[in-house]
Amino acid sequence: MTRSSNLNVPVTQPLVTAVIDHGCEFEGKLCFHGTVRIGGTFRGEIYTPDTLIIGEGARVDAQIEAGTIIISGEVNGSLRAKHRIEIHRPAIFRGDILTPSLSVDEGVIFEGSSKMVHSPMSPARSFLTTNK
């Protein structure tokens with residue numbers, strides 16, 4: 001497992017495909033393959049079979065379906081992960097989580113619910129995993 005020096009969280013894929021950094025705002029629907037890091041503000045929907053990293057200082061209000069979600073910023077919304085969700089300090093999370101594996105660090109603010117199931121990805125979004 002590789003460790004990214006500026007994110008302070010483990011990532012399974014060392015290369016970041018795209019970045020929405022501090023000072024950037026995006027509203028809409030984001031679909032991608034690879035690893036995307038959000039450091040700014042995002043509102044909308046995110047779909048990926050791969051990895052989404054929400055960095056410290058980021059603010060995300062979204063419905064998210066991903067392979068892996070790693071959070072260190074503030075997230076409000078509904079999260080569904082095929083593999084796992086990691087929430088690292090100083091994250092703030094408000095919403096619902098559906099994932100087979102959940103890790104929450106001490107000191108994280110977690111307001112919502114979580115349900116752990118084997119494969120939470122909906123059939124409607126499963127096309128992302130087959131069209132790589």
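Hi everyone, thanks for coming. The model is predicted, so local features need pLDDT of at least 70 and side-chain atom pairs count only at pLDDT 80 or more, while totals for chains, interfaces and linings use all residues. Residues are numbered from 1 along each chain as its sequence is written, and side-chain values use heavy atoms, with hydrogens and water left out.

Let's start with the overall layout. The protein chain has 12 strands and 1 helix; here helices (H or I, at least four residues) and strands (E, at least two) are DSSP runs, numbered from the N terminus. Reading from the N terminus, the order is β-β-β-β-β-β-β-β-β-β-β-β-α. Of the 132 residues in the chain, 47% are buried. By buried I mean under 20% relative accessible area, with exposed being over 50% and partly exposed in between, using a 1.4 Å probe and protein chains only. The accessible surface comes to about 6,600 Å², and carbon and sulfur atoms hold 49% of that. Those areas come from the Shrake-Rupley method with a 1.4 Å probe, and for residues only the protein chains shown count as cover.

What about contacts along the chain? Taking contacts with a separation of 6 or more, 15% are between residues 24 or more positions apart. A contact here means heavy atoms within 4.5 Å.

Now, the core. How many residues does the largest nonpolar core have? It has 25, and Ile38, Ile64 and Leu79 are the ones with the most contacts inside it. A nonpolar core is a set of buried Ala, Val, Leu, Ile, Met, Phe, Trp, Tyr and Cys residues joined through side-chain atoms within 4.5 Å. Strands β5 (35-38), β6 (41-47), β7 (51-54), β8 (59-71), β9 (74-87) and β10 (92-99) each supply at least two residues of this core. The largest share, 6 residues, comes from β8.

Do turn to β8 on the screen. Of its 13 residues, 10 are buried, so β8 is largely enclosed by the rest of the structure. Leaving aside residues up to four places away in sequence, Ile64 touches Ile46, Leu52, Ile54, Ile69, Ser78, Leu79 and Arg80.

Which strands pair with β8? Two strands pair if DSSP finds at least two bridges between them. β6 pairs with β8 in the parallel sense over 7 bridges, and there Thr41 stands opposite Arg59. β7 is also parallel to β8, over 4 bridges, with Ile54 opposite Ile71. On to β9: 12 bridges join it to β8, again in parallel, and Val60 has Val75 as its bridge partner.

Next, the charges. Side chains of opposite charge can pair when their charged atoms come close. The structure holds 9 salt bridges, each being a side-chain nitrogen of Lys or Arg within 4 Å of a carboxyl oxygen of Asp or Glu. One of them joins Glu27 and Arg43 at 3.6 Å, N to O. That pair links distant parts of the chain, with Glu27 in strand β4 (residues 25-31) and Arg43 in strand β6, 16 residues apart. Glu27 counts as exposed at 60% relative accessibility, whereas Arg43, at 30%, counts as partly exposed.

Buried or exposed: which is it for Glu86 and Arg84? Their side chains meet in a salt bridge of 2.5 Å, N to O, and both residues are buried.

Asp61 forms a salt bridge with Arg59, the closest N and O atoms being 3.5 Å apart. Asp61 is partly exposed at 25% relative accessibility, and Arg59 is partly exposed at 39%. Salt bridges that share partners join Arg59, Asp61, Glu74, Arg94 and Glu111 into one network.

Arg37 sits in strand β5 and counts as buried, at 9% relative accessibility. A polar contact of 3.4 Å joins the side chains of Arg37 and Asp21. That term covers a pair of N or O atoms within 3.5 Å; within protein, one must be able to donate a hydrogen and the other to accept it, and residues adjacent in sequence count only if both atoms are side-chain atoms.

Finally, Ile109 is in strand β12 (residues 109-116) and is partly exposed at 39% relative accessibility. Not counting residues up to four places away in sequence, Ile109 touches Ala91, Ile92 and Phe93.

Thanks, everyone.
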